[in-house]
Each structure stands twice: as C-alpha cells, then as structure tokens.
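Here are my notes on this model. Please read them with the structure open.

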Amino acid sequence: VEYNLALGMRRANAVRDYLAAFGIDASRFETVSMGEDMPLDPRSTEAAWAMNRRAEFTVTAGGDTLVMPGS
C-alpha cells in the first residue's frame, strides 16, 4: 500500500512538473495520490489498473480566459 501511494505521488508530481514546464506556477497545484481509495474501475484487471492510473484536474479560477491549445 505504501509503495503504491508513493508511486502515485511520483506520478502526480510528474504531471505537475510537466504543466509547470509550460509556465504554470507549480505552487498553484495540489497533488494527491488516491492509491486504491478512489478507482474509476474497481475490477482487478490490467485494463482497470491502466484506467486507474490517471491524473484529474479541477479548474478553480480563470475559466473565462482559458484558451484551447492550438487556438
């Protein structure tokens, strides 16, 4: 359990760092590893595990000024 939580945190931080490379201040992100507590798919299959390796985002401000990439 501890290994998976740590792995999840490394993934979450990698996503944060990726976005920060585009100029978004990393301090604006909160990273959380959910481990097995909040799976999208509770099954024990390769497909479910792949689906559960994910990053979720919530935009809390500035939504009226967002621009889609490539626009």
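Which exposed residues does the face of α1 turned away from its buried side carry? They are Glu2, Tyr3 and Tyr18. Exposed means over 50% relative accessible area, buried under 20%, and partly exposed in between, with a 1.4 Å probe and protein chains only.

1. Basis. This is a predicted model, where local features need pLDDT of at least 70, side-chain atom pairs count only at pLDDT 80 or more, and totals for chains, interfaces and linings use all residues. Residues are numbered from 1 along each chain as its sequence is written, and side-chain values use heavy atoms, with hydrogens and water left out.

2. Helix α1, length. Helices are DSSP runs (H or I, at least four residues), numbered from the N terminus. α1 covers 2-20. Its 19 residues should span 27 Å at 1.5 Å a residue, and the end C-alpha atoms are 27 Å apart, so the two agree. The expected span is 1.5 Å times one less than the number of residues.

3. Helix α1, buried side. Gly8, Ala12 and Leu19 are the buried residues of α1. They cover an arc of only 35 degrees around the axis, which puts them on the same side of α1. The arc is taken from the directions from the helix axis to the C-beta atoms. As background, an α-helix has 3.6 residues a turn, so residues three or four places apart point the same way.

4. Methionine 9 lies in α1 and is partly exposed, at 28% relative accessible area. The C-alpha atoms of arginine 16 and alanine 6 are separated by 15 Å, and the residues are ten apart along the chain.

5. Aromatic pair. How many aromatic pairs does a search of the whole structure find? It finds one. The rings of tyrosine 18 and phenylalanine 22 have centres 5.2 Å apart and planes at 75 degrees, so the pair is edge-to-face. Rings of Phe, Tyr and Trp (its six-membered ring) pair if their centres lie within 6.5 Å; planes under 30 degrees apart count as stacked, over 60 as edge-to-face and the rest as tilted. Tyrosine 18 is exposed at 53%. Phenylalanine 22 is exposed at 59%.

6. Loop between α1 and α2. Isoleucine 24 sits in this loop and is partly exposed at 34%. Isoleucine 24 and alanine 61 are 37 residues apart along the chain, and their C-alpha atoms are separated by 13 Å. Glycine 35 is found in the loop too; its relative accessible area of 39% makes it partly exposed. From glycine 35 to arginine 11 the C-alpha distance is 11 Å, at 24 residues apart in sequence.

7. Largest pocket. About 1,700 Å³ of space lies in it. A pocket is an open set of points on a 1 Å grid over the protein atoms alone, where a 1.4 Å probe fits, with protein on both sides within 12 Å along at least five of seven lines; lining residues have an atom within 4 Å of a point. The volume is the space filled by probe spheres set on the points, which are joined across faces, edges and corners.

8. Pocket lining. The largest pocket is lined by 42 residues, and Val32, Arg54, Ala55, Glu56 and Phe57 lie nearest its centre. α1 gives the most, with eight residues. α2 (46-52) supplies at least two.
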